[in-house]
Amino acid sequence: MLTTNVFYQIPESETGLPMVFLHGYGQSRMGWMTTPDGREGWSDIFLRKGHSVFLIDQPRRGEAGQTSQAGTISTTPSDQTWYTQFRIGTYINGAFTYNEESQFPKGEEVLDQFFRQMTPDTGMDSANGDQNIDITVVAKAVAAVIDKAYEMTGKKSILVTHSQGGMPGWDTVLYTENIASIIAIEPGMAPSENGEAYNKLMEIKIPICFYYGDYIGDGLSNIPAAGMWNMMRGSAYTFEESYTTSGGKCTVYDLPDEGIYGNDHMMFQDLNNDIIADHIEKWINNYFPNEIYRSSGRYLNIWKLIYFLNIFMY
């Protein structure tokens, strides 16, 4: 038996499409809900823009940790690894540094909160080096949430994925017809050419966009993971070209090219997360301009539903 745990909120006046958020590796839905320095996360920001929000803890993670898949959890700290992999800064001589003009919130208490939001996968043999995620299990779980959102709102959902969540995010289109579009925040990779998800996307041609932050490129020797992310971003540009050539709508956004600087892998928790959210909302309204879907931009202070949902799969 597997469980997906979902926190959802439906605004009193829902003016936009529902948004389903899927976290990345070592994360849970908490990353969407707040920031390490206590500001509003994207879930509240997009809720105020008129979207219902559904925040997933994927199977074997966070509050969906109960699983029949045996795993072992490593107790070895990995804070320094994720700090550099996420392009926040470097770890030199026992101290964390920040990249130049970084938008990541600063301070020891902030870093402590950031590292404490990391959470293990309970079905993974991480003590012995296993870092594999069951993509099919996660994709089916996300599809079940999207179908439930359709049942509750009568609308297809915008799927927002991050990092490792990008891979099962692509495969979700194999298990539901209720995805309106996909917004991929620095996914691990774009869909593999001629794979099942790739072919399905080429068939349904939903609008897709990718977002990448700063500090990416092969020439940035002082940014440890810059080259790795440049390779991953390259796969997005390759997909964009083939998808648009086949008649689909796809855009890859490099935030520095949009005049937005200093963002790392956790852009939705950065100091300018509201500015990036506004950029995304503009993209959404470009493809779903009907008044029934458009965000009014006003602040909504009353929520019709604030609930937790458990979806069980056998």
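**Exercise 1. Is Asp278 buried, partly exposed or exposed, and what is its relative accessible area?**

Solution. The model is predicted: local features need pLDDT of at least 70, side-chain atom pairs count only at pLDDT 80 or more, and totals for chains, interfaces and linings use all residues. Residues are numbered from 1 along each chain as its sequence is written, and side-chain values use heavy atoms, with hydrogens and water left out.

Step 1. Take the classes: buried is under 20% relative accessible area, exposed is over 50%, and partly exposed is in between (1.4 Å probe, protein chains only).

Step 2. Asp278 has a relative accessible area of 41%, so it is partly exposed.

**Exercise 2. Describe the salt bridges Glu151 to Lys148 and Glu203 to Lys200.**

Solution. Step 1. The side chains of Glu151 and Lys148 meet at 3.3 Å, N to O. Both residues lie in helix H5 (residues 135-153), 3 residues apart, about one turn of the helix.

Step 1. Glu151 is exposed because its relative accessibility is 60%. Lys148, at 29%, is partly exposed.

Step 2. In the other pair, the closest N and O atoms of Glu203 and Lys200 are 3.6 Å apart. Glu203 and Lys200 are both in helix H7, 3 residues apart, about one turn.

Step 3. An α-helix has 3.6 residues a turn, so residues three or four places apart point the same way.

Step 4. Glu203 is exposed at 57% relative accessibility, whereas Lys200 is buried at 17%.

**Exercise 3. Which residues of helix H4 (residues 108-116) are buried, and why do they line one face of the helix?**

Solution. Step 1. Val110, Leu111, Phe114 and Phe115 are buried.

Step 1. Seen down the axis of H4, the buried residues fall within an arc of 130 degrees, so they line one face. The arc is that of the directions from the helix axis to the C-beta atoms.

Step 2. Glu108 and Glu109, on the other side of H4, are exposed.

Step 3. The buried residues of H4 pack against helix H3 (79-85) and strand S5 (95-96). Contact means heavy atoms within 4.5 Å.

**Exercise 4. Describe the surroundings of Asp270.**

Solution. Step 1. Asp270 is in the loop between strand S9 (250-254) and helix H9 (273-287).

Step 1. Asp270 is buried but has no salt bridge, and the nearest side chain of opposite charge, Arg39, is 6.4 Å away. For charge, Lys and Arg count as positive and Asp and Glu as negative; His and the chain ends are not counted.

Step 2. The side chain of Asp270 makes a polar contact with that of Asn263, at 2.9 Å. A polar contact is a pair of N or O atoms within 3.5 Å; within protein, one must be able to donate a hydrogen and the other to accept it, and residues adjacent in sequence count only if both atoms are side-chain atoms.

Key. Helix = DSSP H or I, 4+ residues; strand = E, 2+ residues; numbered from the N terminus. Salt bridge = Lys/Arg side-chain N within 4 Å of Asp/Glu carboxyl O.
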